[in-house]
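Subject: Handover of the two-chain model

Dear colleague,

I am passing this structure on to you, with notes on what was found in it. Please look at the sequence and the coordinates first, and then read on.

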Amino acid sequence: MNWNRKDLLGIRELSADEINFILQTADAFKQVGTREIKKVPALRGKTLINFFVEPSTRTRTSFELAAFRLSADVINISASTSSLTKGETLKDTARNLEALHADILVLRHSSAGAPQFLAQRLKSSVINAGDGAHEHPTQGLLDIYTIREKRGKIDGLNVAIVGDILFSRVARSNIFGLTKLGANVTLVGPSTLVPREFEKLGVTVSHKIDNVLPEADVVNLLRIQHERQRKEYFPGIGEYTTLFGLTNERAKLLKPDCLVMHPGPINRGVEIDSEVADGLQSVILDQVTNGLAVRMAVLYLCGGIST
Amino acid sequence: MKDTKQNQSVPILDAEAIRRALRRIAHEIIEQNADLKSVVLAGIPLRGVEIARRLSEFIREVGKIEIETGTIDVAMHRDDVGTRAELPMVHASNLPLPLEGRTVIIVDDVLFTGRTARAALDAISSFGRPARIQLAALVDRGHRELPIRADYVGKNLPTATREQIQVRLQTVDNEPDAVWLVKE
């Protein structure tokens with residue numbers, strides 16, 4: 001197949017072939033990082049705007065570095081420096097950016113659907129860098145890329161996603177991608193944060209982590225998002241760690257080759273103990289490295305086609 | 001499928017002719033490179049990689065020397081990114097490093113406008129600075145758009161721009177080795 005999408009809004013709308021196409025393209029771009037000159041001219045002369053209405057350092061930096069390695073020019077705009085604070089609508093801000101001939105717009109927004117709204121109205125490529133609790137497709141892709149790199153496949157693997165699933169766009173993107181590629185996904189967490197409703201997406205729901213860990217090939221721990229929590233959903237950090245944290249003790253239940261993942265930033269001692277986060281099974285820093293390759297692939301594919 | 005192809009296609013080289021052409025190129029590479037040990041054959045995916053592999057076998061047979069082969073992908077170095085409605089797969093490049101002091105021979109199936117070769121020159125320079133770079137093609141069909149020529153050519157074939165050259169290699173395409181001239 002060939003690639004023909006200008007936007008990446010979510011993993012839900014991608015086919016398994018398209019996901020694999022991105023992963024294989026990322027293989028090629030990962031190798032660029034090992035060259036003497038870590039830069040290719042693929043997007044030379046293109047302008048990328050990192051438009052982060054919600055704060056983010058690691059995703060924004062990763063996109064920025066990916067764009068540099070593709071020779072694109074980058075402008076960063078955050079909510080506080082944009083005219084959004086002066087009452088300009090999202091659409092007007094975006095149309096102004098397009099009037100400046102921006103070719104690629106990387107958008108992080110607190111409202112689900114914001115990237116889609118803009119993609120339908122702009123000629124520029126729109127890349128979703130996380131929209132509300134909807135999707136974070138490049139995070140999902142880099143998680144899947146890392147699993148595929150370490151285990152050689154996705155099909156048939158048991159993947160446990162633990163934590164605040166209800167509010168997590170990372171979980172959603174992972175669920176869509178992993179199930180399309182044939183993994184058995186189990187969501188683990190308190191019933192307030194992991195309702196049975198999720199079973200409609202073709203996954204298993206469990207509220208007992210100790211039953212899930214011994215069978216898992218991958219454990220992906222999500223950050224407890226204090227900023228999105230309301231008291232009624234969440235019992236308290238100490239209780240969460242006792243019931244669902246990947247403590248040193250609990251890590252003994254894991255198979256020796258089980259991968260431990262975390263999208264970062266880590267709350268050490270809350271969802272994961274330091275020794276586990278820094279242990280041999282942890283691929284948390286591989287996720288960061290692979291994120292760069294995956295984002296290069298996505299920018300190259302979406303920004304490289306004629307619109 | 002095969003019938004329509006034969007109706008529109010003129011056979012240019014068969015398996016034996018391809019074998020002879022590559023064997024001759026292997027001889028020329030041996031003649032023109034006194035220091036064969038420094039030579040790297042860098043194939044352009046997909047078929048250039050297979051042709052480079054076959055050339056290395058002929059060179060082993062004739063020159064009694066094992067030379068290194070690699071892959072140089074040009075997709076991310078092309079000058080037409082952003083002008084196409086669909087993008088083909090990008091492949092990882094893989095060259096023996098460092099390239100300093102070595103002779104890199106770019107290997108492709110068909111030499112046409114020269115734009116792929118230009119992109120390959122650019123791609124190679126991101127890995128280092130070889131002593132020299134040469135170019136080998138199974139078929140040179142003319143119509144260059146850049147000041148580029150091949151050092152080794154299997155078959156010079158004057159064509160019309162509207163015609164196509166199709167190279168089929170058993171190991172890549174699962175079809176018998178052949179070069180076809182496809183007329184519109």
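Strand E4 (103-111), helix H4 (115-125), strand E5 (132-140) and strand E7 (164-168) of chain B each contribute at least two residues to the lining of the largest pocket, where helices (H or I, at least four residues) and strands (E, at least two) are DSSP runs numbered from the N terminus. The model is a predicted one, in which local features need pLDDT of at least 70 and side-chain atom pairs count only at pLDDT 80 or more, while totals for chains, interfaces and linings use all residues. Residues are numbered from 1 along each chain as its sequence is written, chains are lettered from A and ligands numbered from 1 in the order in which they are written, and side-chain values use heavy atoms, with hydrogens and water left out.

Pockets

The greatest contribution to the lining of the largest pocket comes from E4(B), with five residues. This pocket holds about 800 Å³ of space, and of its 32 lining residues the closest to the centre are Pro45(B), Arg78(B), Asp108(B), Asp109(B) and Thr116(B). By class, the lining comprises 17 nonpolar, six polar and nine charged residues, with Ala, Val, Leu, Ile, Met, Phe, Trp, Tyr, Cys and Pro counted as nonpolar, Asp, Glu, Lys and Arg as charged, and the others, Gly among them, as polar.

As for the method, a 1 Å grid is laid over the protein atoms alone; a cavity is a set of points where a 1.4 Å probe fits but cannot get out, a pocket is an open set with protein on both sides within 12 Å along at least five of seven lines, and lining residues have an atom within 4 Å of a point. Grid points are joined across faces, edges and corners, and a volume is the space filled by probe spheres set on the points.

The second largest pocket has about 450 Å³ of space, and of the 21 residues lining it, Arg108(A), Arg169(A), Arg223(A), Gly264(A) and Pro265(A) are the closest to its centre. Helix H2 (58-69) and helix H6 (169-180) of chain A are the elements that give two or more residues to this lining, which divides into six nonpolar, eight polar and seven charged residues.

Cavity

The rule gives one cavity of 30 Å³ or more, lined by Ala94(A), Leu97(A), Glu98(A), Ala102(A), Leu105(A), Leu122(A) and Ser124(A). Helix H3 (residues 90-99) of chain A gives the most to this lining, with three residues.

Interface

In chain A, 24 residues are in contact (heavy atoms within 4.5 Å) with 24 residues of chain B. The two chains bury about 2000 Å² between them, 58% of it on carbon and sulfur atoms, buried area being the accessible area (1.4 Å probe) that two parts lose on being put together, summed over both. Across this interface the rule finds zero salt bridges, a salt bridge being a side-chain nitrogen of Lys or Arg within 4 Å of a carboxyl oxygen of Asp or Glu.

Salt bridges

Over all chains, the count comes to 35 salt bridges. In one of them, Lys255(A) pairs with Asp217(A), with the closest N and O atoms 2.9 Å apart. Lys255(A) lies in the loop between helix H9 (248-251) and strand E9 (259-261) of chain A, and Asp217(A) in the loop between helix H7 (209-212) and strand E8 (218-221) of chain A, so the pair ties together parts that are 38 residues apart in sequence.

With best regards
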